[in-house]
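Reader: I am new to this structure and would like to learn how to read it. Please take one feature at a time, with the general idea before the case.

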Amino acid sequence: MAPTEKQSKQSMAVLQGTLDMLILRTLLYGPAHGHQIGKYIQRTTNDFLQMQHGSLYPALHRLEQRGWVSAKWETAPDRNREFKYYRLTEKGRKQLMVEESQWKQMMEAVARVMWPAAEEG
Amino acid sequence: MRWWQIRGRDADLERELRADLELEEEEQRERGLPSEESRYAARRALGNTVLIKEQTHEVWGWAPLERLWQDLRYALRQLRRSPGFASVCLITLALGIGANTAMFSVVQGVILAPLPFPEANRLMFLWEKRPSVPQLDVSYPNFEDWEKSTRSFDSMSALAFHNFDLTAPGRAEHLMGIRASYGFLRTLGVQPAAGRDFAASEDQANAAPVVLISDRLWRERFASDPRLVGRSVDLDGKSFTVIGVLPPEFHFLADADVITPLRPNLPLILTDRSVEALAVLARLKLGVTKDQAEAEVNTIQQELDRQYPDANRSIAVTATSLLQEILGDVRGTIVLLFGAVGLVLLIACANLANLLLARSTARAREFGVRAALGASRGRMVRQLLTESVVLSVAGGALGVLLAGFGLHALLAVLPHSLPRTGNIGLHIPVLLFTGGASIAVGILFGLAPALRCASTDVQGALQSASRGTTTGRHRLLGRLVVVQFALTLVLMTGAGLLLRSVRNLWHVNPGFNMRHVISFRVGLSPSFTNTPDRTRTAYQQLLARIREVPGVEAADLTNIVLLSGGDNGGPFWIGTRQPATLQEAPHALYFWTGPDYPKTMGLPLLQGRFFTPGDRIGTDKVVVIDSVLANRFFPNQNPVGQTLTVAHWGAARIVGVVGHVHNWGLDDPGTYLPQQIYIPAYQLPDSMVTDFFRTLTVIVRSALPPGELMPAIRNVVFTSGPDQPVYEVKTIDEVVSESMATRNIAILLLGVFAGLALLLSSVGIYGVVSYSVMRRTQEIGIRMALGADRSRVFRMIVGQGIGMAGAGLGFGVLAAIALVRLLPSFSHLLYGVGQIDPLTLFCVSVGLLLVAVAACLLPASRAMRTDPMWALRTE
């Protein structure tokens, strides 16, 4: 299902704030290159977050700059070609925990406002 | 990341994107898409790679600098590609910025550069003033009382300027000097380079004479003799011990070579509260303002007025800063000219904006493509501004070169009377100013075209590349021409008004004959002037010998060379009964002179007689008055034979009336000391003779040029005594030119600026009209196809130019009228023309209109020759 324009705008906005976190989380499973990360996020969210892969690269480079991921050219097992593989660093692991807890806090806060009855019940 | 890693990083990113793109493509193919389509699909999936790269660069943190570098390279490439456009811009900018740089270096050197004294902003002069006279010298007793009682100042010192004749050791030389009370150097904050300052005990009436000399004198006259301090020199026939040498950078008002203590050398004025003869220099205490200090001294002076009502009545005190005193009127003129040259730069900016706007039409397609490819508006504006700033900075660099030449020429014509010209040069602050101004100018003239260009409608631009949206652009072009013409009219009106003033001034009758008069001074040998009688005889003999020189028609002495700023006024009254106070008595300008004065100066004798050789010391005192005094004090009666008393000299019989002369410049408004009294120099009392005769000037009437006459006169002077310097040789014509120097330099520069403005705005209107003819080829073709004849087309184009110019002239006239009123520094340069001068405004307007028409002729005739068929087909 192709996303509507409205949907894609929404998802972009959500992405802006959470892309870093999603990338870090994805890398928890092991090293991956840009294409894999993009595909993985897209697949896991049932195409809701169907992004142009392009927007990943500035984010990846930002994470690398901050030392949360490291990058290395490695040969892919199935393609026999080199790809740039990103790997979560120890610092990145900690950052992921921080972002995750912040995200949870915010979700809870939003939920309390949006569905107060559920909270009471 | 460091900036030098960016290149490597960039290659890495490129490789990464390519790898992922290929992978995506493979996957699409594996899904069964044909290879061509899979490539497109992969690209769509990845997105705009240029944008990705830019955003990633942003992450690396060097993006702004990278963009700047990219813009710079792009701008240079653009300029290289259109050398004609670039050179027109560069020449315009070089002229505009060059003129501004040269003018700013004058502003910087003369007005802004600090004076060579520590914390010079705390230095000021104190003056007396009366309700009728805004600024007067100070009497010594008043100064002493101020010095004793004030608390606003660290120190103060009373000064009298005096020119000394240095006669030994070596040849005779005439030197400018200052007699200063104790504390002069301390007030300025200057230490002698060698020796010491004089002590308080040396500024006492009977102290041994001591002197401080300038570095120049020490080097040139005494060959930098390190043992000079302690030796003696002869000044005005008296032996002085040199106690110190001033530092080389010491320059104070008139460049003094000699400084002596005041009290031992001017004993006559120390006790007389009514002799106002001193300038008072003072250094403010830290934290005290000029106004506070002025108020304090005024309170003290009010008390002195009460204590000494005879000499002091309604005297107030006014303070002027040292810089203000040094600059005088010059400051206003310089600021005015700097404003004028700024207008020239604005006109140049309008031209450049015109050029860029016209060019932006040609580049509409380029920017349409860029916008379509995803360039943001801000990004395009930034790039266009980079282009215009690159232009203006390059123009500024050329301008500095031009300013170097211009300044050289300017310094050659600047009057000697202009203070601090030695400071003028292309120094660091000037270059900083030029750099800043260049960048500002680039943004100023680039902004409108850049905004317009960047907001081009993408579709329209791509569809009809050469059309674009021209109407709005066109209106802006027209407005720029209007502004140019308004500014040009303002500058030309200014130049015109000054020109008329100077013309009026040259036609002023100053009351005497300015042609063929030479003035010079002689330092008579001290051996001839050691008694009053010998002094009188020596000067009489000197004049007798000068009169015998071939070519000399007449010669005499005077204390005031007319029009040179000489001031020697004082109170007088009719009859012998002294008024209650001297301040209340009328004041007149005193001329101390001899029998041949009217013949030498061409002064008309209206009634009675002038002096004769018989009017000398011991005979009855006589005076001659001018027509103004005669009309004011002896209306309807004959003044000849009446008695008039000159304060400090005595009662005298009026023996004649002469015409009134202009002393305070050709533009003398006759408000300050309008009455004039002539007193025989040889009737001066013994006590004053030696000092006074030394200050007199010889005037000679001769048709010979000074170059031919003066050697013979020098010869005559030297044969009577080899230690007698002849100096300050000037013709009255030169004196008059000097008195007009500020005006002349203003008119010269304003004329040059107005000329530049005229040139630039005629180029501007030519460009805009040509451009519009080019744009309207099709329209003109249609008009002609529909039956408009050629003359009609011609009129239409010329009419468009006249419309723009006319609007500009309308605004310009209003602006010129307002500015002349608002700028006293300009209106005080005017003479004999009203602030609103219809003749000047009319001539300038008509002239500018003619220029506008002339500039439109070429494009209009081009339009007239348009072939309708060709015009319609080419579209």
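Reader: Is F591(B) buried or exposed?

Author: Buried means under 20% relative accessible area, exposed means over 50%, and partly exposed lies in between, with a 1.4 Å probe and protein chains only. F591(B) has a relative accessible area of 0%, so F591(B) counts as buried. The model is a predicted one: local features need pLDDT of at least 70, side-chain atom pairs count only at pLDDT 80 or more, and totals for chains, interfaces and linings use all residues. Residues are numbered from 1 along each chain as its sequence is written, chains are lettered from A and ligands numbered from 1 in the order in which they are written, and side-chain values use heavy atoms, with hydrogens and water left out.

Reader: Where is F591(B) placed, and which residues is F591(B) in contact with, leaving aside neighbours within four places in sequence?

Author: Helices (H or I, at least four residues) and strands (E, at least two) are DSSP runs, numbered from the N terminus. F591(B) is in strand β14 of chain B. Contact means heavy atoms within 4.5 Å. With neighbours within four places in sequence left aside, the contacts of F591(B) include T558(B), I560(B), Y597(B), V661(B) and Y678(B).

Reader: How is chain B as a whole built?

Author: Chain B has 28 helices and 21 strands. The radius of gyration, taken over C-alpha atoms, is compared with a globule rule of 2.2 Å times the number of residues to the power 0.38. For chain B the radius is 37 Å, well over the 29 Å that the rule gives for 875 residues, so chain B is more spread out than a compact globule. The C-alpha trace of chain B spans about 135 × 70 × 55 Å along its principal axes. Of the 875 residues in chain B, 52% are buried. Among contacts in chain B between residues at least 6 apart in sequence, 80% join residues at least 24 apart.

Reader: And what does the secondary structure of chain A come to?

Author: Chain A has five helices and three strands, in the pattern α-β-α-α-β-β-α-α along the sequence. Buried residues are 37% of the 121 in chain A. Among contacts in chain A between residues at least 6 apart in sequence, 49% join residues at least 24 apart.

Reader: How many residues of chain B are in contact with chain A, and what area do the two chains bury between them?

Author: The size of an interface is often given as the accessible area lost when the parts come together. Buried area here is the accessible area (1.4 Å probe) that two parts lose on being put together, summed over both. In this model 24 residues of chain B are in contact with 21 residues of chain A. Chain B and chain A bury about 2,100 Å² between them, 47% of it on carbon and sulfur atoms. On the chain B side, E16(B), L23(B) and V59(B) lose the most area to chain A, together 26% of what that side buries.

Reader: How many salt bridges does the rule find across the interface of chain B and chain A?

Author: Side chains of opposite charge can pair when their charged atoms come close. A salt bridge is a side-chain nitrogen of Lys or Arg within 4 Å of a carboxyl oxygen of Asp or Glu. The rule finds seven across the interface of chain B and chain A. In one of these, E26(B) pairs with R81(A), with the closest N and O atoms 2.7 Å apart. The elements of chain B that give two or more residues to the side touching chain A are α1 (6–30), α2 (35–46) and α3 (49–60). Helix α1(B) supplies the largest share of that side, 14 residues.

Reader: What do the side chains of E16(B) and K84(A) form?

Author: They meet in a salt bridge, 3.7 Å from N to O. E16(B) lies in helix α1 of chain B and K84(A) in strand β3 (residues 82–88) of chain A, so the pair joins two chains. Both E16(B) and K84(A) are buried.

Reader: Which parts does the salt bridge of E144(B) and R263(B) tie together?

Author: The side chains of E144(B) and R263(B) meet at 3.1 Å, N to O. E144(B) is in helix α6 (residues 140–149) of chain B and R263(B) in the loop between β8 (258–261) and β9 (279–284), so the pair ties together parts that are 119 residues apart in sequence. E144(B), at 28% relative accessibility, counts as partly exposed, whereas R263(B), at 18%, counts as buried.
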